[in-house]
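Open the model in your viewer and keep the selection tool at hand. This tour goes stop by stop.

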Amino acid sequence: GGGAGLALGLPAWPQVDFAKFGPVETQPMSRIKKISGPALHRNWVHIPHITQNDEADITELEAFRKSMADEAQKQGVKLTPLALIMKAVVAALRNHPEFNASIAPTGDALILKRYYHIGVAVDTPGGLVVPVIRDVDQKGVLQLARELGEISARARDGKLGPTDMQGGTFSISSLGGIGGTHFTPIINAPEIAILGVSKSAMK
């Protein structure tokens, strides 16, 4: 709002009576949106966001996922690409540990984490939340699929506790559900990077 603008030396936000121009309706924001809005804005302003776009051939990944479908069904879980992407992310973070890190409060050192707790952005009726799946490196894809299903359902029902959203080392934001080709997700501070996944397509 206006206050943040003044701190950055920006002109004040325009004050407009929108009802002068036509009918309007005022909807109060949910508690989550009230909290996440300022946090996302802080992250966007304080963290330099550099976006690298690329495509990945997931032919073999999809074949593997389909080969696991019967076993997943037997166990009563839905094996989505996200569980497999989480395992791929951990492999990448092991090769590039500086991305599984936070900047020390003093600003002169990196704190490299030797654990892999992956946050997954979930869109809920109340707003965006990022529950964390712990120790992704130590879990199989079907277990991850089960935990993803459970934590997403709890998120949508508004039943996440504070500890469910703490301790993440890296996050994944998937917009496959709405389509599109590329996007810039906002880094989830105090993490220092995020993966944005768009819709898969045949090429």
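The stops below run from the whole chain to single residues.

**Ground rules.** This is a predicted model, in which local features need pLDDT of at least 70, side-chain atom pairs count only at pLDDT 80 or more, and totals for chains, interfaces and linings use all residues. Residues are numbered from 1 along each chain as its sequence is written, and side-chain values use heavy atoms, with hydrogens and water left out.

**Whole protein.** Show the cartoon. It has 6 helices and 8 strands. These elements are DSSP runs numbered from the N terminus: helices are H or I with at least four residues, strands are E with at least two. Along the sequence the pattern reads α-α-α-α-α-β-β-β-β-β-β-α-β-β. Along the principal axes, the C-alpha atoms fill a box of roughly 60 × 50 × 40 Å. Of the 203 residues, 32% are buried. Buried means under 20% relative accessible area, exposed means over 50%, and partly exposed lies in between (1.4 Å probe, protein chains only). Among contacts (heavy atoms within 4.5 Å) with a separation of 6 or more, 57% join residues 24 or more positions apart.

**The sheet.** Select E6, E3, E7 and E8. These 4 strands form an open sheet in that order, with mixed pairing. Two strands pair if DSSP finds at least two bridges between them. The edges are E6 (132–133) and E8 (194–197), each pairing on one side only. Now look at E3 and E7: they run parallel, joined by 3 bridges. Isoleucine 118 has phenylalanine 170 in E7 as its bridge partner.

**The core.** Next, show the side chains of Leu79, Met86, Ile118 and Ile172. They have the most contacts inside the largest nonpolar core, which has 31 residues. Such a core is a set of buried Ala, Val, Leu, Ile, Met, Phe, Trp, Tyr and Cys residues joined through side-chain atoms within 4.5 Å. H5 (81–95), E3 (118–120), H6 (141–156) and E7 (170–174) each give two or more residues to this core. H5 gives the most, with 8. Center on isoleucine 118. Beyond four places in sequence, its contacts include Met86, Val89, Val90 and Leu93, as well as Pro131, Thr169 and Ile172.

**The helix pair.** Select H5 and H6. They pack at about 120°, with axes 9 Å apart. Axes are lines fitted to C-alpha atoms, for helices over the stretch in contact, and angles run from 0 to 180 degrees between N-to-C directions. The two helices are therefore oblique to each other. The contact uses Leu82, Ala83, Leu84, Met86 and Lys87 of H5, and Val141, Leu144, Ala145 and Leu148 of H6.

**Serine 171.** Move to strand E7, where serine 171 sits. Is serine 171 buried or exposed? It is buried, with a relative accessible area of 1%. Outside four places in sequence, serine 171 contacts Gly119, Val130, Asn188, Glu191, Ala193, Ile194 and Leu195. Its C-alpha atom is 6.9 Å from that of asparagine 188, 17 residues away along the chain.

**Two backbone stops.** Most residues other than glycine have a negative phi, and most peptide bonds are trans. Go to the loop between E7 and E8, which holds proline 190. The peptide bond from alanine 189 to proline 190 is cis, with omega near 5°. Finish at aspartate 135, in the loop between E6 and H6. Its phi is positive, near 50°. Aspartate 135 is partly exposed, with a relative accessible area of 26%.

Key: Parallel < 35°, antiparallel > 145°, perpendicular 65-115°, else oblique.
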